[in-house]
Amino acid sequence: MSAIGGIAGGGAWGGASGLRDIMNLRAQIIEKSQILQQIHSPQTQSVGATGSGQGHFTDRLSDAMQSVNATQQRADQLTTAYETGQTQDVAKVMLARQEASVGFEATLQVRNKLLSAYQDIMKMGV
């Protein structure tokens, strides 16, 4: 029985097993959060550490797009696995979906800023 199943199972709120289930779920969420932070920390540190060269911007942009795509594919796989009953860890699925959503939103904002900068540059010539 998963932690959520134990909580929603009717009357487990006040019992010791309900509290244990909640604490276990909390620990899992914290662990997943720490893993996500560790995954993203080396990427943000390496951005400023590399030297500049021709094609550097496009390489970074391409890497970011591939990373967002991989994150979305992983979230889709976890969602499908949860829907088919292959996994019971709803916290993992929700974290993956949220990470994919944040990555997409960040990519969208970068695109909007690039488009705005391009339009500003095009207006300079007029």
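**Exercise 1. Which residues form a nonpolar patch on the surface, and with about how much accessible area together?**

Before you start: this is a predicted model, where local features need pLDDT of at least 70, side-chain atom pairs count only at pLDDT 80 or more, and totals for chains, interfaces and linings use all residues. Residues are numbered from 1 along each chain as its sequence is written, and side-chain values use heavy atoms, leaving out hydrogens and water.

*Solution.* 
- Step 1: Recall the rule. Patch residues have over 30% relative accessible area and no salt bridge; like charges are joined within 9 Å, and nonpolar side chains (Val, Leu, Ile, Met, Phe, Trp, Tyr) within 5 Å. Areas come from the Shrake-Rupley method with a 1.4 Å probe, and for residues only the protein chains shown count as cover.
- Step 2: Find the members: Phe57, Leu61, Met65, Val110 and Leu114, with about 430 Å² together.
- Step 3: Assign helices (DSSP runs of H or I, at least four residues, numbered from the N terminus). Helix 3 gives the most to the patch, with three residues, and Val110 lies in helix 4.

**Exercise 2. Find the salt bridge and place its partners.**

*Solution.* 
- Step 1: Look for a side-chain nitrogen of Lys or Arg within 4 Å of a carboxyl oxygen of Asp or Glu. The structure holds one such bridge.
- Step 2: Name the pair: the side chains of Arg97 and Asp76 meet at 2.8 Å, N to O.
- Step 3: Judge exposure (buried under 20% relative accessible area, exposed over 50%, partly exposed in between; 1.4 Å probe, protein chains only). Arg97 is partly exposed because its relative accessibility is 35%.

Technical notes
Helix = DSSP H or I, 4+ residues; strand = E, 2+ residues; numbered from the N terminus.
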